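These are my notebook entries on one structure. I record what I looked up, one topic at a time.

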Amino acid sequence: MQFARYLAHGEIAYGVVEDGMVKQITTTPFEDYQVTDHAHPLEHVQLLAPVVPGKVVAIALNYSTHLGERPAPKRVEGFYKPHNCIIADGENIVLPADAGRVDEEGELVIIIGKTAKNVSKENALDYVMGYTIGNDVSARDWQNGPEKDMQWWRAKGADTFGPLGPVISTDIDPFDFTIQVLVNGEKTANKAHSKDLIFDIPTVIAEISKYVTLDPGDIIYSGTPGQTSQLQPGDVVEVEIPGIGVLRNPVVSE
Ligand code: MG
């Protein structure tokens, strides 16, 4: 099953996506909703980021293929991204004028469906509503250059640094998915299979929920694989996860 959040005739709604159509639902997918007869062809609506999260958690260094010379982390390494960075499929990633190197990071994003506190690894998937695609856009000089910032507040949190979408899929197997990033239509080395995860999806949810209550609509960027690519103005970056779709965003300079 797939859900979209969209703008049609000046109104924001959630809907179920089926056969190229989106059928409006009576509330959010996190509540007890009903599917209405109010339907639009997908190309007639403007897709929005598929969720308005309360919290955006992200995981660093969670794929063996992304470590390079760095040692594998001994624990789940979480950080926060702020709301201002979230943009929808199709919206521009804006490179700040003084940021230096900015990279894409294609990721599977977990969408929490019900309140999770101290959940076990065994039960963690019961708290997942679905999955979408994220791009954890990262300004490398601010993140880990010689004059790096004390925190990742702008390296990972500048406006537009969190593309999300295009839709939520409930049918992704968190133990068997692939990610492929393309820049200008060319496949990059930012790709993975879920078997390369250091901490699997249930472990990530269980560890975060020990310390931070996760609420419906909260999201977790679960980590990027392989080698990321530097973005240039004029690029188009696509993150593909079969079963969800393609998250496509043009890159522009400030
Ligand atoms: Mg990342």
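This is a predicted model: local features need pLDDT of at least 70, side-chain atom pairs count only at pLDDT 80 or more; totals for chains, interfaces and linings use all residues.

**Entry 1: helix 2.** Eight of its 11 residues are buried, so helix 2 is largely enclosed by the rest of the structure. I listed the buried ones: Ile201, Pro202, Thr203, Val204, Ile205, Ala206, Ile208 and Ser209. I then asked which strands the buried residues of helix 2 pack against. They pack against strand 6 (56–60), strand 11, strand 12 and strand 17 (219–221).

**Entry 2: the nonpolar cores.** I next looked up the largest nonpolar core, which has 56 residues. The residues with the most contacts inside this core are Leu108, Ile110, Tyr131, Ile205, Ile208, Ile220 and Ile244. Helix 2 (residues 201–211) supplies the largest share of this core, namely four residues.

Leaving out residues up to four places away in sequence, Tyr131 touches Leu108, Val109, Ile110, Ile111, Leu125, Val167, Ile168, Ser169, Ile172, Pro174, Ile201 and Ile244. One of these, Ile201, is among the buried residues of helix 2.

**Entry 3: the two domains.** I recorded the division of the protein into domain 1 (1–47) and domain 2 (49–253). Taken over C-alpha atoms, the centres of domain 1 and domain 2 are separated by 24 Å. The contact takes 10 residues from domain 1 and 19 residues from domain 2.

**Entry 4: the magnesium ion.** I asked which residues coordinate the magnesium ion. They are Glu105 (OE), Glu107 (OE) and Asp136 (OD), at 2.0 to 2.1 Å. In sequence, the spacing of these donor residues is E-x1-E-x28-D. Glu105 lies in the loop between strand 10 (102–103) and strand 11 (106–112), and Asp136 lies in the loop between strand 12 (128–135) and strand 13 (138–139), so the pair ties together parts that are 31 residues apart in sequence. I checked the burial of this pair as well: both Glu105 and Asp136 are buried.

**Entry 5: Lys156.** I followed the contacts of Glu105 and Asp136 to Lys156, which touches both. Lys156 lies in the loop between helix 1 (140–144) and strand 14 (162–169). Is Lys156 buried or exposed? Its relative accessible area is 3%, and buried means under 20%, so Lys156 is buried. Apart from neighbours within four places in sequence, Lys156 is also in contact with other residues, including Phe79, Lys81, Pro82, Cys85, Arg140 and Phe161.

**Entry 6: Glu104.** I then turned to Glu104, which is found in the loop between strand 10 and strand 11. Glu104 is buried, with a relative accessible area of 0%. Glu104 and Ser229 are 125 residues apart in sequence, and their C-alpha atoms are 6.0 Å apart in space. Not counting residues up to four places away in sequence, Glu104 touches Ser229 and also, among others, Asn135, Arg140, Thr188, Asn190, Leu231 and Val237.

**Entry 7: Ile93.** I located Ile93 in strand 9 (residues 93–95). Ile93 counts as buried, at 0% relative accessibility.

**Entry 8: the whole protein.** The protein has two helices and 19 strands. Its radius of gyration is 17 Å, close to the 18 Å that the globule rule gives for 254 residues, so the protein is as compact as a globular protein of that length. The C-alpha trace spans about 55 × 45 × 30 Å along its principal axes. I noted that 54% of the 254 residues count as buried. Among contacts with a separation of 6 or more, 71% are accounted for by residues 24 or more positions apart. The accessible surface comes to about 11600 Å², and 49% of it belongs to carbon and sulfur atoms.

Notes:
Residues are numbered from 1 along each chain as its sequence is written. Side-chain values use heavy atoms; hydrogens and water are left out. Donors are N, O and S atoms within 2.8 Å of the metal (3.2 Å for Na, K and Ca); water is not among the atoms, so sites may look incomplete. Buried means under 20% relative accessible area, exposed over 50%, partly exposed in between (1.4 Å probe, protein chains only). A nonpolar core is a set of buried Ala, Val, Leu, Ile, Met, Phe, Trp, Tyr and Cys residues joined through side-chain atoms within 4.5 Å. Contact means heavy atoms within 4.5 Å. The radius of gyration is taken over C-alpha atoms; the globule rule is 2.2 Å times the number of residues to the power 0.38. Accessible areas come from the Shrake-Rupley method with a 1.4 Å probe; for residues, only the protein chains shown count as cover. Domain bounds come from an automatic or database domain assignment.
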